[in-house]
Amino acid sequence: MDRLAEFAPVTDAMVPRIARVVRRVRDLPDTVTLELVSADGQPLMRYAPGQFTMMYVFGVGEIPVSISGDASDTTRLVQTVRAVGKVSEAVTRLSAGDTLGLRGPYGTAWPVAEGYGRDVVVVAGGLGLAPLRPALYQLRAERKQFGKVVLLYGTRRPEEILFRRQLETWRRQLDMEIEVTVDHANTDWRGNVGVVTKLIPRLGVDATNATALVCGPEIMMRYAASALHDIGMPEETIHLSLERNMKCAVGLCGHCQFAGSFICKDGAVMRYDRVRRLLGLKEI
Ligand SMILES: Cc1cc2nc3c(=O)[nH]c(=O)nc-3n(C[C@H](O)[C@H](O)[C@H](O)COP(=O)(O)OP(=O)(O)OC[C@H]3O[C@@H](n4cnc5c(N)ncnc54)[C@H](O)[C@@H]3O)c2cc1C
């Protein structure tokens with residue numbers, strides 16, 4: 001009996017809840033944000049900023065997707081998806097009223113509270129802003145707890161800026177310093193040009209008393225973490241969110257194994273000092 005009971009939580013963890021799309025916003029030509037509620041009317045899930053779910057489009061497949069909403073809003077779950085292949089394309093085609101399967105939340109959280117009494121630097125690249133947005137909501141809600149709060153955000157082109165209106169609103173409210181940079185400017189662009197890491201040397205934070213949260217393409221995270229370390233931030237105060245293909249999300253299948261860790265359980269948010277030597281390696 002006891003031996004059988006051992007397996008019960010795993011079975012449950014593999015069974016998706018049924019969620020319903022209540023709102024769909026097209027952020028970019030290939031990216032949509034879905035707002036989801038539970039089809040049974042119960043609260044869908046509570047989560048911490050940085051966690052992800054497994055989204056299952058019936059008959060198509062299941063993918064890991066970070067939560068991009070405000071964790072204090074328990075009425076709906078918000079997730080932002082870019083269409084890159086079979087399942088993510090199917091997710092972006094869902095519209096209000098459609099249902100999908102949802103497992104989770106899974107993974108580790110952004111250590112936002114570690115930033116109490118310190119400066120906080122958030123570095124996002126491209127779609128990496130989506131997994132960081134729950135941390136930004138928390139930073140704003142608890143603004144008095146932190147010193148200087150800076151968001152550095154880089155995209156390839158001005159038209160690929162995610163959550164553009166929200167960033168403009170937040171910038172006007174002066175809660176945090178927001179610097180946006182693009183790799184390739186157009187004639188209308190008046191902002192920074194160049195990779196996001198170029199903004200790091202002129203950050204103006206107290207590097208010895210700061211916490212950094214970094215999410216984006218792995219190569220960008222590698223350079224960003226190294227640049228943050230170069231301005232004096234200890235490696236253990238820099239946190240990255242890693243992506244590897246995964247299937248079960250509960251540490252069983254081994255698809256997301258990362259040396260001695262599993263990204264699904266020990267990540268996706270991990271400390272730089274623990275992953276620095278492994279970054280950039282596809283298979284370990
Ligand atoms: C913890 C975690 C959080 C994620 N959060 C988000 C999110 O918030 N929004 C979002 O749009 N996507 C997110 N992803 C990536 C998303 O899971 C992949 O885009 C998706 O699995 C691709 O599946 P597909 O069937 O659409 O494409 P496939 O047909 O499987 O692949 C299409 C292309 O994408 C590449 N690819 C597939 N999976 C991944 C992956 N996990 N990482 C990098 N490249 C991959 C393939 O090599 C291929 O080139 C996250 C992934 C992880 C592991």
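Predicted model: local features only at pLDDT ≥ 70, side-chain atom pairs only at ≥ 80, totals over all residues.
Residues are numbered from 1 along each chain as its sequence is written, and side-chain values use heavy atoms, with hydrogens and water left out.

Reader: Which residues come nearest to the ligand?
Author: A residue is near a molecule if one of its heavy atoms lies within 4 Å of it. The shell around the ligand holds 19 residues, and those that come nearest are Pro64, Thr80, Arg82, Ser88 and Asn245.

Reader: How far is an oxygen atom of the ligand from a polar backbone atom of Pro64?
Author: A polar contact is a pair of N or O atoms within 3.5 Å. Nitrogen atoms of the ligand take part too: one lies 3.0 Å from a backbone N or O atom of Ser66, and one lies 2.9 Å from a side-chain N or O atom of Glu243. For the oxygen atom and Pro64, the distance is 2.6 Å.

Reader: Which element gives the largest share of the shell around the ligand?
Author: Strands are DSSP runs of E with at least two residues, and helices are runs of H or I with at least four, numbered from the N terminus. Two or more residues each come from strand 5 (77-82), helix 2 (86-93) and strand 4 (61-66). The largest share, four residues, comes from strand 4.

Reader: How much space lies in the largest cavity?
Author: On a 1 Å grid over the protein atoms alone, a cavity is a set of points where a 1.4 Å probe fits but cannot get out. One cavity of 30 Å³ or more is counted. A volume is the space filled by probe spheres set on the points, and for the largest cavity this is about 40 Å³.

Methods:
Polar contact = N/O pair within 3.5 Å; in protein donor to acceptor, adjacent residues only side chain to side chain. 1 Å grid on protein atoms, 1.4 Å probe; cavity = no way out; pocket = protein on both sides within 12 Å on 5 of 7 lines; lining within 4 Å.
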